[in-house]
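I opened this model to look up a handful of local features. My notes follow in the order I took them.

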Amino acid sequence: MPDRNLTRLTIRRPDDWHLHLRDGAMLRAVLPETTRHFARAIIMPNLVPPVVTAAHAAAYRDRILAALPEGAKFTPLMTLYLTEATDPEDVRAAHAAGIATAVKLYPAGATTNSASGVRDFEKVRPVLEVMAEIGMPLCVHGEVTDHEIDIFDREATFIDKILKPLRKKVPDLKVVMEHVTTQDAVDYVRDSSKNLAATITTHHLIINRNHILAGGIKPHFYCLPVAKREAHRVALVQAAVSGDKRFFLGTDSAPHTDALKLQSCGCAGIFTAPNTMSCLAEVFDAAGKINKLEDFASLNGPRFYGLKPNEDTITLTKGDPVSYPAHIDTEDGPVTVFDPGFDLHWRVEE
């Protein structure tokens, strides 16, 4: 029986299986917001230029470690940006050396800084076959980029036209469908018996497309994949709170300055790192499943990636509403923090 009267919860320290840290001044500003609560994170490689090789990943990892707050215990898990020119043997070497944990697939043009992504999937098949051989996961941004396909249908179309054929050709490849947004994706994961999992973001558990468009455009709710209708959000919540080992947290926390968000062609991305654990606790508590939060945030991800859960813990307590800054300041300008639109009563004890 769920305990709706629970006001204190201790869980293994969580990990973030999809995170954007950017670089330079932005990296230094946003990194502490993740290291405060998370022990590890899969770091996205879509910098300019992208993190394509083992050498690039090692250098980026060094920059992240150099930017860590004093006393922080945090492990960046690096990814390589998959291009049609990616060398399979460089991928193999990066994995063997512990430099890269996964490879990231962006269909060309799908999202921020994805112009170098894949157009012809047959050209990357040798890389995927090596990854299947060595057990290295492929993290997939699952949307087609055909402008004739409605933006709200691009995830479902990707599953049918790209992902299903790809997994038939390379059946031993471990795949993470990142930031899923639809009932279609949830069903596809549930119908797969092995080698497939999905991350779900904080914001997709909370907002639907009305939050972006109804009553005026809300650019700070704009992300890619874009939030879908309410029925899909409900499906994501049900998957997240179910305890199913194939679903786990990937915040897709993606900072952009307000100047870049608030323009005629604003950037896609929502910055959730500061308040994610409070938001998640509210969602799980409202569903009567607060006891499943540890599975989603702390256990299922390491299990899929073949890692041990973190030994240390965090404790969340429920009480009076907790407030978070509306934005954080960076040398490049302010970055707005995600506003869930309701009071947050759960907080992480510091």
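**Entry 1: aromatic rings**

Which residues do ring pairs link into a cluster? I find W17, F248, F304 and Y305 in it. One caution before going on: the model is predicted.

I searched the whole structure for aromatic pairs and got eight. I then looked at the pair of F248 and Y305.

**Entry 2: charges over rings**

I checked which charged side chains lie over a ring. K174 sits over the face of F304, 4.6 Å from the ring centre. F304 is also a member of the ring cluster noted above. The second case is R209, whose charged end lies over the ring of F152 at 4.6 Å from its centre.

**Entry 3: helix α5**

Next I took helix α5, residues 154–169.

Where does α5 bend? The bend is at L163, by about 35 degrees. A proline, P165, follows within four residues.

I listed the buried residues of α5: R154, E155, T157, F158, I159, I162, L163, L166 and R167. L163, where the helix bends, is therefore on the buried list, which I score by a cut-off of under 20% relative accessible area.

What do these buried residues pack against? The helices are α4 (125–134) and α6 (183–190). The strands are β5 (102–105), β6 (138–140), β7 (175–177) and β8 (196–200).

**Entry 4: cysteines**

How many disulfides does the structure hold? The count is zero. A disulfide is a covalent bond between the sulfur atoms of two cysteines. I wanted the reason, and the distances give it. The closest cysteine sulfur to that of C139 is in C223, 18 Å away, which is too far for a bond. For the sulfur of C223, the closest cysteine sulfur is in C267, at 13 Å, again too far for a bond. My cut-off for the sulfur atoms is 2.5 Å.

I also checked burial. C139 has 0% relative accessibility and counts as buried. C223 has 1% and counts as buried too.

**Entry 5: H203 and its contacts**

C223 came up again when I looked at H203. H203 is placed in the loop between β8 and α7. Its relative accessible area is 0%, so H203 is buried. What does H203 touch, leaving aside neighbours within four places in sequence? The contacts are C223, T251, D252, I270, T272 and F338.

**Entry 6: prolines in loops**

P219 sits in the loop between α7 (209–213) and α8 (230–241). With a relative accessible area of 25%, P219 is partly exposed. Not counting residues up to four places away in sequence, P219 touches K261 and L262. I also noted the C-alpha atoms of P219 and G266: they are 7.2 Å apart, while the two residues are 47 apart along the chain.

P225 is in the loop between α7 and α8. Here the peptide bond from L224 to P225 is cis, with omega near 0 degrees. Another cis peptide bond joins V48 and P49, with omega about 0 degrees. P49 lies in the loop between β3 (40–43) and α2 (54–66).

**Entry 7: positive phi**

Last, I looked at backbone angles. R22 is not a glycine, yet its phi is positive, at about 60 degrees. R22 lies in the loop between β2 (16–19) and α1 (24–35). At 13% relative accessibility, R22 counts as buried.

N195 is another residue other than glycine with a positive phi, near 65 degrees. I place N195 in the loop between α6 and β8.

How values were computed. Residues are numbered from 1 along each chain as its sequence is written. This is a predicted model: local features need pLDDT of at least 70, side-chain atom pairs count only at pLDDT 80 or more; totals for chains, interfaces and linings use all residues. Side-chain values use heavy atoms; hydrogens and water are left out. Helices (H or I, at least four residues) and strands (E, at least two) are DSSP runs, numbered from the N terminus. The expected span of a helix is 1.5 Å times one less than its number of residues. The bend at a residue is the angle between axes fitted to the seven residues ending there and the seven starting there. Buried means under 20% relative accessible area, exposed over 50%, partly exposed in between (1.4 Å probe, protein chains only). Contact means heavy atoms within 4.5 Å. Rings of Phe, Tyr and Trp (its six-membered ring) pair if their centres lie within 6.5 Å; planes under 30 degrees apart count as stacked, over 60 as edge-to-face and the rest as tilted. A charge sits over a ring if NZ of Lys or CZ of Arg is within 6 Å of the ring centre and within 35 degrees of the ring normal.
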